[in-house]
Amino acid sequence: MKCHIPLLFAALALISCKPADGPASSHSGKPRVALVMKSLANEFFQTMAEGAKKHQAAHAGDYELMVNGIKNETDLAEQVGLVDQMVSQGVQAIVIAPADSKALVTVLKRAKEAGVLVINIDNKLDADTLKQAGLSTPFVGPDNRAGAKAVGEVLAKKLKAGDEVAIIEGVTTAFNGQQRKAGFEDAMNAAGMKIVASQSGQWEMEKANGVAAGMLAANPNVKALLCANDNMALGAAAAVQAAGKTGQVQIIGFDNIAALKPLLADGRVLATCDQHGDQLAVFGIEAALKVLKDKTTPADQQTPVDVVVK
Amino acid sequence: MRRWSDFFILIAVLVAMIVLFGLMQESFFSMGTLGTVANRIPALALVATGMTLVMVTGGIDLSVGSLLGFCGAVVGVLMADLHWGLAMAVLASVGVGAVIGSTTGAVSVKLRLPSFIVSLGMLEIARGLAFLTTDSQTKYIGADIEELGAPFGGMVISPAFVISLLVVAAGQVMLSQMAIGRHLIAIGANREAALVSGLSVDRPRIFAHALLGALTGLAAVFNCSRLGSADPNAGTGFELGAIAAVVVGGTSLMGGRGSVVKSFMGVLIIATLEAGLIQVGATEPVKRVVTGLVIVAAVLADTWRRK
């Protein structure tokens, strides 16, 4: 009888390994972490995923990583499907940059009920929706509002109180976009600037270019364009140039992408905000591993944001 | 003359829009607005010209937005990373566009598949290629390409604008004065009849797709020149603007009827609408609803007048 005990344990272990039962160890015994991203077509998320892959390669003994992304940032259904797939593959933790602050809550609740640890990165899930769903997911990420405010303050020093400024927002339904807009407003209101226009550039260079051109024509006295990401700052810079207003209109961005460097160098863009994109997913993964290891209750964690000028 | 009354409707719509936006926002009547509209026109006008030629045959090409992104990506990598000159990059972009366009055309015509479906597939392929080419990174090109889209001596008109007008004129001559144009219209009006009367119905259609691809390649260069950069996401949804402009200009989706110059009027209407909605401070939802309504209204006006 004695010799059957290990067998019994083995059988129990096998049963608990069934994906349907949720958390399961892989054959190697290492925890499996799924990184579910937004669009891998976007440079920012691409950088984030690369950072995560590098981290895993350096810590190959500690965990396994599966990286997934969706086709475009608004394809919510695809991301919901990815979460379901990751759960059925039996990962221990999902680190997710939700494509929408509300629409992903239901599927993440399902994941958590299946015993998967969920860590929220990049775009914070909506607090009210989480509450309604009775779900709590720790957010590991930058404070977009504080970051935007800090870049806004750099800009405010270049302007005089009462100057007209305009904001080019991101996708209006995205929480990080809303936060950046709020951060810009905080800085501008505190310095006594007049916000004469605020429209969405949908995160895209071309759309932002059109919006910026329209704003410059409609508000000839505008002294600065505050853009919620760098792609839109590039579009805005082109519009300022086309309007022959280089040097008269300041531009700030957010993200610190490589393509912005020449514009920062020659002053066409004043400043941007680096939220250390290559580390954002890593921060989330590290938080997940820590919780899995220590069995602690996860908590929100803030990651650094730095203003970048020339 | 019927042709002139067609123009009258389109011009009336355009004038009505300009007056309306002007009443809502004083600054709409300014050189700034004119510059904004003139800046938006070249890429849309080139693609609308090619799209008219495809649509008179009863075909369509949904891949032009992605192709614009892909050709732009090629220009970005060639100029920003490999330091090619502008002329060679333009040739490469137009060449890539022509190859992709003729592939769409050849697959659809030779294998007897609807161009709607084939180009839908190409829409995905070209966008994927755009991301692969740039490794999903925005490429900053800078002054080397900006001149093309920059207005001459501070005026409103850029080289890109002049070239696009020439292309529209050439497209109109080709469609209404040359054998190939009548050939395309005959195919769209009645393919069987064209076939029976001994006309080749395959090659002209492939040619139209190839030309649309090449023009999209040129449009991609102009788009990059306007922004000084190449964004692999560029042109998302651009096909809808181009098709809308062509349809607003009275080209039939069924084929057999169309005019490049009227498509250009459609381009003016779409570009003015876009600039106007931004200037009056319309929100994203309002912009979309109004743009949709204007497209339907313009087509309705055209249909009623025909009855």
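Phe21(B) and Phe28(B) are both buried, where buried means under 20% relative accessible area, exposed means over 50% and partly exposed is in between, using a 1.4 Å probe and protein chains only. Before going further, keep in mind that this is a predicted model, in which local features need pLDDT of at least 70, side-chain atom pairs count only at pLDDT 80 or more, and totals for chains, interfaces and linings use all residues. Residues are numbered from 1 along each chain as its sequence is written, chains are lettered from A and ligands numbered from 1 in the order in which they are written, and side-chain values use heavy atoms, with hydrogens and water left out.

Back to those rings. A pair of aromatic rings is described by the distance of the centres and the angle of the planes. Rings of Phe, Tyr and Trp (its six-membered ring) pair here if their centres lie within 6.5 Å; planes under 30 degrees apart count as stacked, over 60 as edge-to-face and the rest as tilted. Over all chains, the structure holds three aromatic pairs. One of them joins Phe21(B) to Phe28(B), a tilted pair at 5.4 Å centre to centre with 45° between the planes. Phe28(B) also pairs with Phe29(B), this time edge-to-face, at 6.4 Å centre to centre and 70° between the planes. Phe28(B) has 5% relative accessibility, so it counts as buried, whereas Phe29(B) is exposed, with a relative accessible area of 55%.

If you take contacts in chain B (heavy atoms within 4.5 Å) between residues at least 6 apart in sequence, 79% of them join residues at least 24 apart.

Over in chain A, a couple of backbone angles deserve a look. Most residues other than glycine have a negative phi. Asp122(A), though not a glycine, has a positive phi of about 65°. You'll find Asp122(A) in the loop between β4 (117-121) and α5 (127-133), and at 3% relative accessibility it counts as buried. Gln202(A) has a positive phi too, near 55°. Gln202(A) sits in the loop between β7 (194-200) and α8 (205-218) and is buried, with a relative accessible area of 16%.

Leaving aside residues up to four places away in sequence, Met215(A) touches Ala166(A), Ile167(A), Ile168(A), Ala197(A), Ser198(A), Gln199(A), Leu225(A) and Ile278(B). Ile168(A) is 47 residues from Met215(A) along the chain, and their C-alpha atoms are separated by 9.5 Å.

Definitions and conventions
Helices (H or I, at least four residues) and strands (E, at least two) are DSSP runs, numbered from the N terminus.
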